[in-house]
Amino acid sequence: MRTDYARRVFNAVEDIATAKYVFLNEGSNAISAIPLRPETKVIQLWHGCGAFKKFGFSTADLIFGASRKEQLKHPFNKNYSLVTVSSPEVVWAYKEAMNLPEDSDIVQPTGSSRTDVFYSEEFISQAYENVYNQIPQARGKKIILYAPTFRGRVARAKTPDMLNVKMFYEALGDEYVLLFKHHPVVKHRPQIEKQYSEFALDVSDSLSIEDLLCVSDICISDYSSLVFEYSLFEKPLIFFAYDLDEYFDWRGFYYDYFELAPGLIAKTNFEMLDYIKHIDERFDKQAIKDFRYKFMRSCDGKATQRILEYAFENLEAHKKPCESFEHFYTIPKVESSTLPYFKKVAAIEEQRDYAAPIYAKEIRKPVKKGSIVAFDIHSEEILHMLRRAKCEELTIIGGEVSLEEVTKTIASAEYILIDQPNTFLDSLEMRSETKVILLPENAFPLNTFGKITKEYRSGLKKEQYALAPLFKNLSAIVCPSEEAADFYRTAVGNDIEMLVVGDIKGDIFTDRRYRVKLMDKFYAAHPELDGRRVVAYFGKERETDNLDESLLYEYLSRDFVILKHYDYFTPVDDSAESDEVNYYSDPIIDVTEEMTVYDTLVIADIAVGPFSSELYSFMLSGKPVIVYSLDAKNDIKRTESFIDLETECPAPVCTNAEQLINAILDFKNYDYTRYNELKAKYLTMCDGNSTARLLDQLK
């Protein structure tokens with residue numbers, strides 16, 4: 001099992017154990033495999049509408065599906081209290097797919113919640129704005145959307161490559177633009193030749209399917225359920241089903257394909273082009289209306305309200321006022337941990353009960369004046385700077401020390417340094433003479449923390465915070481500037497002292513010996529790369545990263561080495577078979593398991609990544625920073641930030657590989673104007689002497 005998948009499963013199970021309501025939009029073997037308490041309701045919203053290609057038990061013993069015996073042993077659609085569907089017509093199909101008895105009333109034609117946005121004029125208007133902002137040449141032209149489903153199994157999903165861009169360009173280039181939206185599980189997509197780049201674009205990563213359905217004048221698909229949503233707009237549909245026979249044998253359909261499809265079923269590009277050229281006389285709008293009525297009858301823009309009223313016994317009792325609306329999908333995931341949440345809570349209580357009497361006894365003794373304890377510091381860079389300071393009053397303790405010894409040490413300390421919230425300290429009733437000082441995770445105050453985060457406000461860890469209130473015993477925070485101090489007060493409480501001395505972790509960028517040591521180690525492992533400039537590239541998750549490595553290789557490999565570092569990482573199975581030869585792998589190296597984020601930054605000449613505190617903190621090096629975001633607008637919305645990311649960005653924002661390559665190649669002409677303004681404003685005291693200033697102040 002993939003480690004990241006297992007982590008999410010464990011986190012989900014912990015939450016579900018105490019949840020009254022659980023909402024899903026996909027089958028889940030985890031939820032289907034565990035016995036739920038009777039009070040818990042599981043509402044399956046499903047991710048698609050209508051009933052097109054078969055799924056679940058409907059595929060039993062087909063090529064695509066597992067055997068009936070296997071599906072009974074490991075079900076994906078069990079324990080549901082309510083399944084919402086788009087029309088009364090398809091109730092039977094979902095009962096069959098989910099192995100529900102015919103007389104079950106679990107499947108209800110409430111309508112699909114995700115279709116409500118298609119009735120919002122504001123949403124549709126914003127969709128046009130999003131598309132035109134990214135594709136200005138689409139203004140004044142009609143839009144053809146090509147959105148096929150994948151072929152094969154999910155793990156090795158492939159996308160069709162039979163639509164001939166050259167033919168479409170020659171026939172329709174003056175009047176249309178052609179947008180490709182491939183299925184999200186597909187990793188390798190066909191490349192569009194550069195000569196057609198103004199006409200045909202792959203927007204799989206940059207535009208949502210909802211936006212594209214709103215703005216498209218014609219939709220070409222095959223066996224995807226998005227045709228049901230698109231029917232709400234009553235615009236022409238084309239079914240490019242060149243492999244219909246093979247697909248039927250592979251997976252099968254709930255309805256006769258030729259009777260179902262309310263538009264042209266084509267097996268060739270010639271058929272599609274001929275239809276589009278004569279679309280005004282050939283488009284049968286009534287067929288679309290009939291299709292819409294049959295399969296989307298319950299989708300009228302009010303489905304979400306109906307679902308809530310159906311799911312909750314007393315909807316009004318669940319409503320509560322909020323200062324600002326936040327979409328549900330921005331609520332953060334529960335923190336990953338090797339220890340299940342309920343055990344983590346129990347461990348906090350157990351530690352507190354053991355340590356409290358020891359602590360109470362030890363604090364009868366006087367505090368050791370001037371003593372500083374660095375307790376459970378997670379950052380290797382902070383530990384390095386503290387050790388380098390050679391402060392006699394400083395003691396560093398971590399997990400290798402017994403809980404009794406830890407308790408005695410902190411009981412006698414005048415100052416305790418931490419770099420993350422500490423449940424052990426927060427669970428104790430600490431003496432007033434001891435001051436707990438937080439060293440922030442990064443120098444630049446970009447990502448929020450503390451009591452203003454969605455995680456804290458949504459109550460995801462309420463049992464933990466009941467035992468160990470967040471920052472309960474915090475006395476002070478180390479700040480890089482007065483501006484940051486204002487932010488941090490809102491994050492932890494206005495009564496906390498702000499020590500504006502700089503940032504200890506940021507001092508690492510001025511430690512020349514440390515950098516030389518890292519460089520020597522790196523080039524010892526990769527001697528062939530010596531002499532090239534280092535680009536540090538940061539991504540969220542390796543599995544979903546869309547960095548075009550072959551393109552970077554072509555333009556950058558002679559002069560640059562690219563070190564990739566991911567937040568979430570699944571090791572590669574080197575024994576797995578692969579048809580691909582990564583000839584560009586030498587100068588593009590994944591260092592996630594070999595180096596920390598900051599070690600990668602320390603040896604970098606250029607840093608590339610998303611809107612993040614780590615990337616902005618790299619400004620302390622005085623070297624170029626480049627923001628790389630395929631969907632900058634939405635990334636800005638999703639980032640919980642102290643600053644306005646749109647107006648306070650120190651770097652060029654690249655939204656595709658070509659822009660990124662040009663920015664890297666042009667690094668000698670980098671514009672430091674905004675960069676230096678932000679450094680002066682937010683990193684005022686970060687000059688490489690922050691550690692010394694802090695320790696001197698504590699002495």
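A charge is said to sit over a ring if NZ of Lys or CZ of Arg is within 6 Å of the ring centre and within 35 degrees of the ring normal. R297 is placed in this way over the face of Y293, 4.4 Å from the ring centre. The model is predicted, so local features need pLDDT of at least 70 and side-chain atom pairs count only at pLDDT 80 or more, while totals for chains, interfaces and linings use all residues. Residues are numbered from 1 along each chain as its sequence is written, and side-chain values use heavy atoms, with hydrogens and water left out.

Rings of Phe, Tyr and Trp (its six-membered ring) pair if their centres lie within 6.5 Å; planes under 30 degrees apart count as stacked, over 60 as edge-to-face and the rest as tilted. The count under this rule is 35 aromatic pairs. One of them is the tilted pair of Y128 and Y132, with 5.9 Å centre to centre and 45° between the planes. Both belong to helix α5 (residues 121-134), where a spacing of four residues separates them by about one helical turn; helices are DSSP runs of H or I with at least four residues, strands runs of E with at least two, numbered from the N terminus.

Y128 also touches K235 (contact: heavy atoms within 4.5 Å). K235 lies in the loop between α8 (226-230) and β9 (237-240). With 18% relative accessibility, K235 is buried (under 20% relative accessible area; exposed is over 50%, partly exposed in between; 1.4 Å probe, protein chains only).

Definitions and conventions. Lists of a residue's contacts leave out its neighbours within four places in sequence.
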